[in-house]
Amino acid sequence: MKIRIIAVGTKMPDWVEAGYAEYAKRMPRDVMVEMVELPLALRSKNSDIAGAMKKEGEAILAAVGKGEQIIALEVKGKPWTTEQLAENLATWKMSGFNYCLLIGGPDGLAPEVSALASVKWSLSPLTLPHPLVRILVIEQLYRACTILQNHPYHK
């Protein structure tokens, strides 16, 4: 199974790259994870936020692969425990589909992108910094894999 994390924002700080890389290298071979970074639309003091979100949304939709199941990371999505994520991951693995997890820009995902998601997942009701979300997502995917493998990491 392949999971692609499609995230708005490039040129992450070194600590983000290192944190993401650490958990990505730990992932089991049967769950391939790929990070796809998309440029942030230009924003300024007087910029058109809706226009920026639309531009980011178009880039996200262009990056989604044919047949991939879309999971949007959104504050108003459904919160999962790590055990629920592991159950979902087991289901995804058995489905035969590939998945993409979408991380929007500073203003979230464009409505048209959100509407296409089969699942909306919330990591927290808190507003999280987007660089940190990348690390949280990959670590939780790794943790879910360890649960499925009965590995002691989760304990």
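At 28% relative accessibility, E22 is partly exposed; the term covers values between buried (under 20% relative accessible area) and exposed (over 50%), computed with a 1.4 Å probe on protein chains only. The model is a predicted one, in which local features need pLDDT of at least 70 and side-chain atom pairs count only at pLDDT 80 or more, whereas totals for chains, interfaces and linings use all residues. Residues are numbered from 1 along each chain as its sequence is written, and side-chain values use heavy atoms, with hydrogens and water left out.

E22 forms a salt bridge with K25, with 3.3 Å between the closest N and O atoms. A salt bridge is defined as a side-chain nitrogen of Lys or Arg within 4 Å of a carboxyl oxygen of Asp or Glu. Both residues belong to helix α1 (residues 14–26), where they are 3 residues apart, about one turn of the helix. Helices (H or I, at least four residues) and strands (E, at least two) are DSSP runs, numbered from the N terminus. K25 is exposed, at 63% relative accessible area. A network of salt bridges links E22, K25 and R26. The structure contains 10 salt bridges.

K93 is paired with D30 in a salt bridge whose closest N and O atoms are 2.7 Å apart. Because K93 lies in helix α3 (residues 82–95) and D30 in the loop between α1 and β2 (32–38), this pair ties together parts that are 63 residues apart in sequence. Both residues are partly exposed, K93 at 31% relative accessibility and D30 at 40%.

In the salt bridge between E56 and R43, the closest N and O atoms are 2.6 Å apart. E56, in helix α2 (residues 49–63), and R43, in the loop between β2 and α2, are 13 residues apart, and the pair links distant parts of the chain. E56 is buried, at 3% relative accessibility, whereas R43 is partly exposed, at 25%.

With neighbours within four places in sequence left aside, W92 is in contact with M1, I3, I71, W80, L85, F97 and Y99, contact being heavy atoms within 4.5 Å.
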